[in-house]
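Reader: Could you take me through this model one feature at a time, giving the general idea before the case at hand?

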Amino acid sequence: MLNTTREKTRPRSAAVLAIKAGLLIDGKGGQSIRNAVILVGNDGKIASVGEASKAAIPSGSDVIEAPGKTVLPGLFDAHCHMLMISQSLEKRLFVPNSLEILKCAEILKRTLHAGITTLRDACGPNDVGFRQAVEMGIIEGPRLVLAGAIAQTGGHLDGYYPRDIELPFSEGFTVSPEFADGVPAVQLAARRILRKGFDFIKVCTSGVITSPSDLPDYTEWTMDELKAIVYEASARGKAVMAHAEGNQGIKNAILAGVWSVEHGSMLDDEAIRMFVERGTYLVPTLTVVDALSNQPDKFGLSEFARSKVEIIARNHFESFRKAAAAGVKIAAGTDNIEDWMQGRNARELELMVRYGYTPMQAIVAATKVSAEACRVNNRAGTLEPGKQADLIVVDGNPLDDVTILQDQSKLLLIMKDGKSYVNKL
Ligand SMILES: [Zn+2]
């Protein structure tokens, strides 16, 4: 909410703030508007969007002047791990849970200050307290969409090591996924996840790089198990996000009816057709695959994990290129899994452009399409009347150079729900 002395005397939806910008990109992919004005109401919502020459700015409104700057929707990271600060097993063993949680609060603030106003955590916290803390203003962070995970024995997220040790979670010790095998067990696990208030159930329908006991092209779960999880989620108005790198795991996820497929490293033509026909979202997480293949030494990866990176990277970027050309609905998610990656979320847009998207397509992926993938498009993702005022103002034109979105010195205004968290204007 805007905090001005004037708001007390205004009707609830009256505009109290006008942002005048040289260029406006609304996130929907159409023509951008030169010399635009956005009016923000004191309810934290966008009241109007349009050309400055046609805008009626109510007298007494606060005005932010941003000539030569671009205003666009706040960006999304549709696949992030806010509790992950290292892949090194040894490093993680020296981090007490309380420190990890406090570190997470710092990462959330860093992420918001990088222009990310909505973040979908692809399983991290063990309860929804982080979301509540952000909503209550106890900590600064993006709007949070949270997933709780279910894992099968021996699959991704199972932290079993041959020494006969089971660590609570392979990628962060604050949380444990539910473990379940067989339809009745996964129904119970799904219900246990949902009663905790998560927005998504996360499953893994193929193996992955960082788990000790699987390979990326392994399939996980039976179709009956997957369909039972999807049913339980949809019965409560929720949805399933599926980690899937191998080709068959991707197809199984789509056939079972998941909402979004994460990674999608090994896509053949049939898989791409299935995405298009079913309208399933793809979150290709180019950032993590690029970083793993080009900067492997920056990750504390074990030997078993290093050997799997090559298998993934070989196909990943070509899969994105083909999916993009075929019109698959693609959202922007980084899969940030190390402290040094957190807060660099807009790099995903640079990589999308490198592998075939235009800057406008990358922005739409990181705003409108990501809002759909995160199921918050009724209130965020585009600059339209009635949506929450989640927006950023950047110095320059990201349609000319999308990498400016990564430069925090160029992020002049970061607003979420009508409240400014960064304002250098
Ligand atoms: Zn992930």
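Reader: Is strand 15 buried or exposed, for the most part?

Author: A residue is called buried under 20% relative accessible area, exposed over 50% and partly exposed in between, with a 1.4 Å probe and protein chains only, while helices (H or I, at least four residues) and strands (E, at least two) are DSSP runs numbered from the N terminus. In strand 15, residues 391-395, four of the five residues are buried, so the strand is largely enclosed by the rest of the structure. This is a predicted model, in which local features need pLDDT of at least 70 and side-chain atom pairs count only at pLDDT 80 or more, whereas totals for chains, interfaces and linings use all residues. Residues are numbered from 1 along each chain as its sequence is written, and side-chain values use heavy atoms, with hydrogens and water left out.

Reader: Which strands pair with strand 15?

Author: Two strands pair if DSSP finds at least two bridges between them. Strand 4 (residues 62-73) pairs with strand 15 in the antiparallel sense over five bridges, and Lys69 stands opposite Asp395 there. Strand 16 (residues 411-416) also runs antiparallel to strand 15, joined to it by four bridges, with Val393 opposite Leu413.

Reader: How many disulfides does the structure hold, and why?

Author: A disulfide is a covalent bond between the sulfur atoms of two cysteines; the criterion here is a pair of cysteine sulfur atoms within 2.5 Å. The structure holds zero disulfides. For Cys123, the closest cysteine sulfur is that of Cys204, at 7.1 Å, which is too far for a bond. Cys123 is buried at 5% relative accessible area, and Cys204 is buried at 2%.

Reader: What lines the largest pocket, and what is its volume?

Author: On a 1 Å grid over the protein atoms alone, a cavity is a set of points where a 1.4 Å probe fits but cannot get out, and a pocket is an open set with protein on both sides within 12 Å along at least five of seven lines; lining residues have an atom within 4 Å of a point. Grid points are joined across faces, edges and corners, and a volume is the space filled by probe spheres set on the points. The largest pocket holds about 510 Å³ and is lined by 25 residues, with Glu135, Arg143, Leu144, Lys416 and Asp417 nearest its centre. Helix 3 (129-135), strand 7 (143-151) and strand 17 (419-423) each give two or more residues to that lining.
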